[in-house]
Amino acid sequence: TRDPTRGEVLVTLLQAMDVPLRWQKGGVFRDVTPLTLHAAAIETAAADGIVAGRTDASGIVTGEFGPADSVNRAEMAKILVRAVQVYGR
């Protein structure tokens, strides 16, 4: 087995919460294009304030999301809390 990716977590969560996805444009993160797997879910979650870009070791935002990277427990918890706050379901 493998850990779920950040993109997989978002698309699954938004589907479970019945959140309509916006059409992806590829302008939110440098590493998410319209052809990126789960791009619509990633950009919808970013627009709604559920997720933000990665930060480097000094806390500077890199402009990347890491859609194929594994999600860790802390990230998962933060995503879940924000989703419940924003979508209220």
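User: By class, how many nonpolar, polar and charged residues does the lining of the largest pocket have?

Analyst: The model is a predicted one, and its largest pocket has a volume of about 260 Å³. Among the residues that line this pocket are Ile-50, Val-51, Ala-52 and Ile-79, together with Arg-6, Arg-54 and Glu-75. Sorted by class, the lining of the largest pocket comes to four nonpolar, three polar and five charged residues.

User: Which helix gives the most to the lining of the largest pocket?

Analyst: The lining residues include Glu-75, Lys-78, Ile-79 and Arg-82. Four residues of the lining come from the helix that spans residues 73–87, and the element that gives the most is therefore helix H3.

User: Is Asp-18 buried or exposed?

Analyst: Asp-18 sits in the loop between helix H1 (6–16) and helix H2 (39–47), and has a positive phi of about 55 degrees although it is not a glycine. Most residues other than glycine have a negative phi. The relative accessible area of Asp-18 is 61%, and because the cut-off for this class is over 50%, Asp-18 is exposed.

User: What is the relative accessible area of His-38, which also has a positive phi?

Analyst: His-38 is found in the loop between H1 and H2, and its phi is about 70 degrees, a positive value although the residue is not a glycine. His-38 is classed as partly exposed, with a relative accessible area of 24%.

Technical notes: Residues numbered from 1 in each chain as written. Predicted model: local features only at pLDDT ≥ 70, side-chain atom pairs only at ≥ 80, totals over all residues. Heavy atoms only, no water. 1 Å grid on protein atoms, 1.4 Å probe; cavity = no way out; pocket = protein on both sides within 12 Å on 5 of 7 lines; lining within 4 Å. Points joined across faces, edges and corners; volume = space filled by probe spheres on them. Helix = DSSP H or I, 4+ residues; strand = E, 2+ residues; numbered from the N terminus. Nonpolar A, V, L, I, M, F, W, Y, C, P; charged D, E, K, R; others polar. Buried < 20%, exposed > 50% of the residue type's maximum accessible area, 1.4 Å probe, protein only.
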